[in-house]
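Here are my notes on the model you sent over. Have it open while you read, and go point by point.

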Amino acid sequence: MYGPTVRNPHAGRPFTADEWSDDEIAALLDDLSVPTLLLSCVHLSRPEDRAAILDGPLRPAGSFLNEYQGFMTPEDQRAARALALGIVTDWRDRGCPEPEPLADGELERMMSFAVGAPVDADYVPMMVEELGLAGDDERASGPAPGAADVPVVVIGCGMSGLLAAIRLGQAGFPYVVVDKNDGPGGTWWENTYPGARVDVGSHFYCYSFEPSHHWGEFFARQPELQAYFARVMDRYGVTPHVRFGRAVERAVWDDDTQEWHVHLDDGTVLGARAVICAVGQLNRPFTPDVPGIFDGPSFHTARWDHDVDLWDRDVVMVGAGATGFQVAPAIADQVRSLTVIQRSAQWMFPNPGYRDAVGPGVPWAIEHLPFYGRWFRFLIYFPSCDGGLVAAKVDPAWTDQERSVSEANDLARIMFTDWITSQVGDDPDLVAKVVPTYPPTGKRTLQDDGSWLRTLTQHHVHLVRAGVDHLEPDAVIDTDGTRHRADVVVWATGFHPNEPLVPMTVTGRGGADLLDHWGSRPRALYGVTVPDFPNFFLLYGPGTNLASGGSIVAASESEMAYVDGCLRLLAGSGKRTVEPTCEAYDDWYERLQAEVRTMVWASPHIEHNYYRNPDGEVHTLNPFRFVDYWAWTRTVDPTEHELR
């Protein structure tokens, strides 16, 4: 906690009129989200003046994903910025005093003001924790009694593994992190392909306890994201604990010593009481086994060969999901020709600001205006949290299930279709290729600012709706028999989400093999723990991926809170092991699968869905409201676990 003489780190760094004049501040305010600015003004106003903002006529009309101005009219935005200028300069001239605490109920009023509607009471505790207006990290639960006797090995130093290391260090658990890569960031270390960027707002795609006002774009690109995780690793003292360039081959539980032996590819064996496996779901590239031999450069997007010059070359890209969708616009201006071979079209969510740069006002406001950064994060988070679940839920009474699965899903189809067709123009052949036939949100929905379709309309870019039949030395032959000449072949064909942990093996109590135990149905209690694998924890495990909004960073924070609770339970018990009961494990799996079957992702009318295993079952996704998952993982129920 921050003591009485230490200024809240989110309360704004004081400044003077000599540093920032009225005119300079006015120019900076033009960059900002008006709803967020007004909420910051609530904090820096005198308590008796706050109601004039919260009850005034200048207010957001609603909330929607990536809509930062709350649907306010341009006139209201100008009026709100003028109002804010007076409040900000008055606060500056008063010496930038630290804001006084909010009155009872005022925080909830501010949340409802921000989204233009009452916020459901279920969400208030989670959002209060997420906002962290007190200035401390509420999810860091402090030193754990007995932690020094529970050494932990963390596998992976991507977003989740780094998070685990930070929380372990704060609690006092000795730990070592092992990563096969030569640096931190996981997917953001490996995926360096042209155009790689996040599809969650940057100011939300970061740890709740380590926000950043340094983002150069609202949806940051790979170099900036990897640099963020490297900076956090150093800031929290994790670096000395990491062994980079070392892959884990197997982890074996020793029934006699009651500890794990983690075998690395250099012959080293690490002993630990507990293992946290943070290897993720999308880290092992999938390249289809296609007959024939291609003589030119050929590589998967996750292993991009930057030594290959694409200038004035004929490039064939196989696949156009989330990755190919980013690659094509990034390379189209370099190549002589670009042929994209795509089995099925992708639904696109309109996001005109997907490639927008962050102007100078935003970092200034996060640094200087009280709680601007916290409320901007809230403005991104809240509409994305569970908003997508409504359109993903199947209505069994809905008649045309091949087209859409509910009224809300059909409305999404209309919106997405209008967005796509508005960009294509009078080209019925292209419309037929780019408008999907399956229900929307059934596969990963892509963020689109128009770059993809503008790329496809260029004369040297060709979209082919087919598969790949075979390769020739200088060409790709599609399943329709058409030959596509190529100097370079790029495989944008995704990963192996339904084969977790491979090629690593995990052996638990009595020699149980985890992959054999799972078969084609990977599962874990809350996506984290498995019976007969004591003191073994998964982050971004089965049933935790999000397909309806939110951020995987927030999901990992919830999962790690659960891991932290289990480790504290173990450390304070005097016992050697903790694992879930079979009853809790089976009940969770049955509940999760029952809910998944009510969602569009399980629709039989969707082909080529990487969410599903070969049996048509979905084991990767979390179908529940995230606010419920947050509540379930916030504390550990001892009755769901066995301590031995």
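1. Helices (H or I, at least four residues) and strands (E, at least two) are DSSP runs, numbered from the N terminus. This is a predicted model, where local features need pLDDT of at least 70, side-chain atom pairs count only at pLDDT 80 or more, and totals for chains, interfaces and linings use all residues. Residues are numbered from 1 along each chain as its sequence is written, and side-chain values use heavy atoms, with hydrogens and water left out.

2. Strand S4 (residues 248-254) pairs with strand S5 (residues 259-264) in the antiparallel sense over 6 bridges, and Arg250 stands opposite His263 in S5. There are 4 residues between the strands of this hairpin, and Gln258 takes a positive phi near 60 degrees there. S5 is also joined to strand S6 (residues 269-272) by 4 bridges, again running antiparallel. Val262 sits opposite Leu270 in S6. The hairpin of S5 and S6 has 4 residues between the strands too, and here Gly267 has a positive phi near 95 degrees.

3. Now look at S15 (residues 475-478). Which way do its residues point? Ala475 and Ile477 point one way, Val476 and Asp478 the other way, and all are buried. (Buried means under 20% relative accessible area, exposed over 50%, partly exposed in between, with a 1.4 Å probe and protein chains only.) In general, side chains in a regular strand alternate between the two faces of the sheet.

4. S15 has a partner on either hand. Strand S14 (residues 468-472) pairs with S15 in the antiparallel sense over 4 bridges, with 2 residues between them in the hairpin. S15 and strand S16 (residues 483-485) are antiparallel as well, over 3 bridges; this hairpin has 4 residues between the strands, and Gly481 in the turn has a positive phi of about 90 degrees. Ala475 is worth a click: Glu472 stands opposite Ala475, and in S16 the bridge partner of Ala475 is Arg485.

5. Why call helix H10 (residues 322-331) largely enclosed? Because 8 of its 10 residues are buried, the rest of the structure largely encloses H10. The buried ones are Thr323, Gly324, Phe325, Gln326, Val327, Ala328, Pro329 and Ile331. They pack against strands S9 (314-318), S10 (337-342), S11 (348-350) and S12 (446-448), plus helix H16 (451-456). Contact here means heavy atoms within 4.5 Å.

6. The largest nonpolar core has 168 residues, and Phe173, Tyr207, Ile276, Leu369 and Trp375 have the most contacts inside it. Helix H18 (residues 552-571) gives the most to this core, with 11 residues. A second, separate core of 24 residues includes Val178, Val275, Phe536 and Tyr585. (A nonpolar core is a set of buried Ala, Val, Leu, Ile, Met, Phe, Trp, Tyr and Cys residues joined through side-chain atoms within 4.5 Å.) Leaving aside neighbours within four places in sequence, Trp375 is in contact with Thr36, Leu39, His43, Leu107, Met110, Met111, Leu131 and Leu133.

7. The peptide bond from Val502 to Pro503 is cis, with omega near 10 degrees, and Pro503 is in the loop between strand S17 (488-491) and strand S18 (505-507). Leu501 is in the loop between S17 and S18; its phi is near 75 degrees, a positive value in a residue other than glycine. Leu501 counts as buried, at 9% relative accessibility. Tyr540 also has a positive phi, of about 55 degrees, although it is not a glycine. Tyr540 is in the loop between strand S19 (536-538) and H18, and is buried, with a relative accessible area of 15%.

8. Last, Val394. It lies in the loop between helix H13 (389-392) and helix H14 (407-424) and is partly exposed, with a relative accessible area of 23%. Not counting residues up to four places away in sequence, Val394 touches Gln401, Val405, Thr598, Met599 and Val600.

Conventions. Pairing = 2+ DSSP bridges.
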